[in-house]
Amino acid sequence: VSKVVIVVFGLLMGVLSVLLNAMGLNLGWVYMFMGTAIGSAVVPLWNLLMWKDANAVGAIAGAWGGMILAFITWFVVAQAQSGEITVDSLGKLEPNLAGNIVAIVSSGLIHVVCSLVKPQNYDFKSMGEIKMLEDDQSGLDPKDYSDKFLSEAKAWVQKWGCAFTIVMVIVWPLLS
């Protein structure tokens with residue numbers, strides 16, 4: 001079954017790439033568009049994984065609301081910059097940048113507001129009860145599952161993840 005799925009997937013991706021190319025959409029266009037289309041899911045998903053008060057309904061509202069606002073922004077900026085909405089005007093950097101920023105920021109704001117208004121207070125215990133399809137624990141020590149180890153790992157990821165983001169998003173562009 002898996003070999004058939006791989007062949008079918010490859011064929012479908014080939015057909016999709018030919019269709020996108022025929023419409024004048026290259027890989028760069030599609031890549032920039034992805035931020036506008038799916039960027040609004042980033043902050044709500046992060047909040048759901050890391051914040052006990054994250055509200056599930058707020059995450060859905062944030063993801064959809066952020067995407068809708070991002071599309072509106074994308075079209076408005078393309079129209080304002082080029083005077084028309086075409087594949088070429090939508091593929092320019094500024095409309096995509098505006099759409100991406102609106103997607104990420106607005107979805108985060110919507111989700112945070114919803115979560116502050118009605119916190120979910122999730123305890124994360126049910127996550128530990130999820131039955132693994134493949135329970136391969138080779139190479140892991142039992143201490144790797146302790147609350148202390150996992151809390152320290154989470155703190156490390158948050159500290160260095162935030163630092164890396166600040167360097168890449170703020171410091172590097174300022175130095176360029």
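Colleague: Which side chain does the side chain of N100 make a polar contact with?

Modeller: First the rule. A polar contact is a pair of N or O atoms within 3.5 Å; within protein, one must be able to donate a hydrogen and the other to accept it, and residues adjacent in sequence count only if both atoms are side-chain atoms. In this predicted model, the side chain of N100 pairs in that way with the side chain of T36, at 3.3 Å. Residues are numbered from 1 along each chain as its sequence is written, the model is predicted, so local features need pLDDT of at least 70 and side-chain atom pairs pLDDT 80 or more, while totals for chains, interfaces and linings use all residues. Side-chain values use heavy atoms, with hydrogens and water left out.

Colleague: Where does N100 lie, and what is N100 in contact with?

Modeller: Helices are DSSP runs of H or I with at least four residues, strands are runs of E with at least two, and both are numbered from the N terminus. N100 lies in helix α6, residues 93-117. Contact means heavy atoms within 4.5 Å. Neighbours within four places in sequence aside, N100 is in contact with M32, G35 and T36. Now look along the chain. N100 and L116 are 16 residues apart, and their C-alpha atoms are separated by 24 Å.

Colleague: Is S40 buried or exposed?

Modeller: Buried means under 20% relative accessible area, exposed means over 50%, and partly exposed is in between (1.4 Å probe, protein chains only). S40 has 3% relative accessibility, so S40 counts as buried. S40 sits in the loop between α2 (27-38) and α3 (42-50).

Colleague: What is around S40?

Modeller: Again leave aside the neighbours within four places in sequence. S40 is then in contact with G62, A63, G66, M67, A103 and S107. The backbone nitrogen of M67 lies 3.4 Å from a polar atom of the S40 side chain.

Colleague: How do I read a nonpolar core, and which residues make up the largest one?

Modeller: The general idea comes first. In soluble globular proteins, nonpolar side chains tend to be buried together. A nonpolar core is a set of buried Ala, Val, Leu, Ile, Met, Phe, Trp, Tyr and Cys residues joined through side-chain atoms within 4.5 Å. Here the largest has 5 residues: L25, W29, W74, A78 and L90. Take W29. Beyond its neighbours within four places in sequence, W29 is in contact with W74, V87, L90 and G91.

Colleague: Which residues form a nonpolar patch on the surface?

Modeller: Patches are made of residues with over 30% relative accessible area and no salt bridge; like charges are joined within 9 Å, and nonpolar side chains (Val, Leu, Ile, Met, Phe, Trp, Tyr) within 5 Å. The patch here consists of F164, I166, V167, M168, V169, I170, V171, W172, L174 and L175. Together they have about 1,100 Å² of accessible area, by the Shrake-Rupley method with a 1.4 Å probe, where for residues only the protein chains shown count as cover. W172 is found in helix α8, residues 147-175. W172 counts as exposed because its relative accessibility is 53%.

Colleague: How many salt bridges does a search of the whole structure find?

Modeller: Side chains of opposite charge can pair when their charged atoms come close. A salt bridge is a side-chain nitrogen of Lys or Arg within 4 Å of a carboxyl oxygen of Asp or Glu. The search of the whole structure finds 2. One joins the side chains of K52 and D53, at 3.1 Å from N to O. K52 is partly exposed, at 39% relative accessible area. Another joins K148 and E152, at 3.2 Å from N to O.

Colleague: Where do K148 and E152 lie?

Modeller: Both lie in helix α8, 4 residues apart, about one turn of the helix. K148 is exposed, with a relative accessible area of 63%. E152 counts as partly exposed, at 44%.
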